[in-house]
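Student: Please show me how to read this structure feature by feature, giving the general idea first and then the case at hand.

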Protein chains: 2
Amino acid sequence: MPETIPPLRPPERLLLGPGPSMVPPRVYEALSKPIVGHLDPFLFEVVEEVRRLLQMVFGTANPFTIAVSGTGSSGMEAAVANFVEPGDKVAVFAAGYFCDRISEMAQRHGGSVVRFEKGWGETFGDDEAREFILREKPQVVAYVQAETSTGAFQPGKAICDAAHQAGAVVIADCVTSLGGMPVKVDETGIDIAYSCTQKGLGCPPGMAPITVSPRALEKLNARKTPVQAWYMDLKLLDAYYNGPRRYHHTASATMFYGLREALAIIAEEGIENRWERHRANHLAFVSGIQALGLRMHVAEGRRLWTLNTPKVPEGVDDGKVRKRLLEEHGIEIAGGFGPLAGKVFRIGLMGHSSTQANVARILETLESALKAEGYRR
Amino acid sequence: MPETIPPLRPPERLLLGPGPSMVPPRVYEALSKPIVGHLDPFLFEVVEEVRRLLQMVFGTANPFTIAVSGTGSSGMEAAVANFVEPGDKVAVFAAGYFCDRISEMAQRHGGSVVRFEKGWGETFGDDEAREFILREKPQVVAYVQAETSTGAFQPGKAICDAAHQAGAVVIADCVTSLGGMPVKVDETGIDIAYSCTQKGLGCPPGMAPITVSPRALEKLNARKTPVQAWYMDLKLLDAYYNGPRRYHHTASATMFYGLREALAIIAEEGIENRWERHRANHLAFVSGIQALGLRMHVAEGRRLWTLNTPKVPEGVDDGKVRKRLLEEHGIEIAGGFGPLAGKVFRIGLMGHSSTQANVARILETLESALKAEGYRR
């Protein structure tokens, strides 16, 4: 029985949470362009453009640089499923939710996980990181460059150097850094970096950029067991995207168009200019937050430029503040969870959302919502 | 260094291959609507609408009816990864490529696979299907309702009845049937059915609708080992989409908008009317093909209404014909592969592509391309 369905009418949100961030009009336009098939020569032209532009934002010359057809979490699973072989020892730097998720995935994929644990929002120093790796002698090292649950940035040079000394490959989660702050895959020595499209890149969610170093590919080619996750098997994806264009799955032209356009915008801005924009807006936000009498959860120098975690003032219910922002102003921010539940706000200024105007808007509306919830300096 | 990237200019294709099919303007419009976050109340409204509309096209009352954030192949892997526990015996009806892929995935996920094999394009009769299942006594039975590599439809009632008698759950691949011909999950007795968005539904690729029966959920809840594929773990997806809205991954508002709109169009057409449209256009195509002197690969009564596989006439190079259609007319069709390489064309008339005008257009252009390649009746 035919029925009539009312038109789709999404609310207009200002997205200032931990992602997705705002999408530029040009990307929306690309998403509505006519699709082509998954083996169409035009799609592979776009795949090649996306590869070149992703290499630029990742800071890598890795020929194996693609986008997995899934969200950021599928990028994490592709990294873990392909590079953690059953029995591998996996050393994880654990100071937030996404390190826990890597640990969970590594266990599911047959890895034996050892963890260097710290409180959520802390980071690891060079010496202690090196010592941990050289003591544990793992086959795989994993760390989160940009911890979305805490707002902390983890430098990676010492980790990668020690891992390579120990003969391990390094997986780095760059979900909340890519496109908003320097990832520098090659300079840092990261072997496998993955990210998402909906944060620093300014595209809707749906794909997971991933890049793999030649030394990691050697490990992959030497695997004794097949990767259990067929959909994320990077050897099969290699044959589809990089090699003989052998059919694997039906890549979405729509998502590739969106990602291509988001990356084109970045190339036109210039990646260094973009980093500087994120840094400046982050610093302006922090000044404003401190002027309101709030403190930042993460130590200075280790804060993400893309995602800010001011502490919730004593006695304020963060859920009520977030509800006011959403319902009265149409602004999405997020709260903390796990050990940080009720303790921090998570406020993103990433990609197209990182503007001076948004810094002013969120500071003003946050102040009024905090006051309405009883906050006094 | 900033650079200027030329605008994205996709070619206008008429998509008459095995998918993706043409996307209606209303769906493209939905894809460019402003996104919301993955925990936004509005997104969950859309998720609920999508659930209800998917239940209608699947023909099921299963409350567990969602869309996985990946392409159709991720739906296949979600089905296999969750319902094939290591050591399970998996009985596969194998007469085409996608049965082989299910077998491959089942092996990777620790299943012990037994196959009832036939030539590509053949189907299985009720008695022989029943006998195979009752002899093998598997824990899981898998069959492909609509085999995209061959164009054959496999009825499932006898398979499902025998499987349930043997205590097995049934996985059915409905990638090329959903939205274009009756899937009838509940009436057939299918426990786990999955599909894609880019064929009968008329949306770009990017999501995998999946529905799970209460009896299959019991098997899932009784699993002794965790599902290795975290990204496709249906218990975690259940807690996100069906239960307490617990964060799992960042679902794409964009893809949900597109799917919602594609399903709304189906509801407005009426699912039975839509099936009839596909049936009528399929029959018109077959008449036209026979008038050209070509024969169909699949036996009458077992042909898909969505995907036609006429045989390539003796002495004609199918690759050259396809190249002419693409380059001279902007029409995408596909060839056969595996044992059917060079032997069949695969011509889709599905979703928005299934029109009388497209039947006329493909018959006319195919005739002229065949003649240009030396074909004489």
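Tutor: Begin with two helices, which are therefore oblique to each other: helix 12 of chain B and helix 13 of chain B. Helices (H or I, at least four residues) and strands (E, at least two) are DSSP runs numbered from the N terminus. Before we go on, note that this is a predicted model, in which local features need pLDDT of at least 70 and side-chain atom pairs count only at pLDDT 80 or more, while totals for chains, interfaces and linings use all residues. Residues are numbered from 1 along each chain as its sequence is written, and chains are lettered from A and ligands numbered from 1 in the order in which they are written.

Student: At what angle do helix 12 and helix 13 of chain B pack, and which residues meet?

Tutor: Axes are lines fitted to C-alpha atoms, for helices over the stretch in contact, and angles run from 0 to 180 degrees between N-to-C directions. Helix 12 (residues 318–329) of chain B packs against helix 13 (residues 356–372) of chain B at about 125°, with the axes 9 Å apart. Residues are in contact if their C-beta atoms, placed from the backbone, lie within 7 Å; here Val321(B), Arg324(B), Leu325(B) and His329(B) of helix 12 of chain B meet Thr365(B), Ala369(B), Leu370(B) and Ala372(B) of helix 13 of chain B. This contact has five nonpolar, two polar and one charged residues, where nonpolar means Ala, Val, Leu, Ile, Met, Phe, Trp, Tyr, Cys and Pro, charged means Asp, Glu, Lys and Arg, and polar means the others, Gly among them.

Student: How do the axes of helix 5 and helix 6 of chain A cross?

Tutor: The axes of helix 5 (residues 126–136) and helix 6 (residues 157–165) of chain A cross at roughly 20° and come within 9 Å, which makes helix 5 of chain A roughly parallel to helix 6 of chain A. From helix 5 of chain A the contact draws on Asp126(A), Ala129(A), Arg130(A), Ile133(A) and Leu134(A), and from helix 6 of chain A on Ala158(A), Ile159(A), Ala162(A), Ala163(A) and Gln165(A). Seven of the residues in this contact are nonpolar, one is polar and two are charged.

Student: Which strand order does the open sheet of seven strands in chain B have?

Tutor: Two strands pair if DSSP finds at least two bridges between them. In chain B, an open sheet of seven strands has the order 2-10-9-8-5-3-4, and the pairing is mixed. Strand 2 (64–68) and strand 4 (112–117) of chain B stand at the edges with a single partner strand each, so each has one side without a neighbour in the sheet. On average, and with direction ignored, neighbouring strands of this sheet are turned by 20° against each other. Strand 3 (residues 89–94) of chain B runs parallel to strand 5 (residues 140–144) of chain B, joined by three bridges, and Val90(B) stands opposite Val140(B). Helix 3 (residues 72–83) of chain B packs on this sheet, touching strand 2, strand 5, strand 8 (169–173), strand 9 (192–194) and strand 10 (208–212) of chain B, and its direction makes about 30° with that of strand 10 of chain B.

Student: Which strands stand at the edges of the sheet of three strands in chain B?

Tutor: That open sheet of chain B has the order 11-14-13 with antiparallel pairing; strand 11 (307–308) and strand 13 (334–335) of chain B are its edge strands, each pairing on one side only. Two bridges pair strand 11 of chain B with strand 14 (residues 345–348) of chain B in the antiparallel sense, and Asn308(B) has Ile347(B) as its bridge partner in strand 14 of chain B.

Student: What rotation superposes chain A on chain B?

Tutor: Two copies of a chain are related by a rotation about an axis and a shift along it. With least-squares superposition on the C-alpha atoms of residues with pLDDT of at least 70 in both copies, a rotation of 180° with 0.0 Å of shift along its axis superposes chain A on chain B (RMSD 0.0 Å). The two copies are thus related as by a two-fold rotation axis. Of the residues of chain A, Gly70(A) comes closest to that axis, at 2.5 Å (C-alpha).

Definitions and conventions:
Parallel < 35°, antiparallel > 145°, perpendicular 65-115°, else oblique. Contact = placed C-beta atoms within 7 Å.
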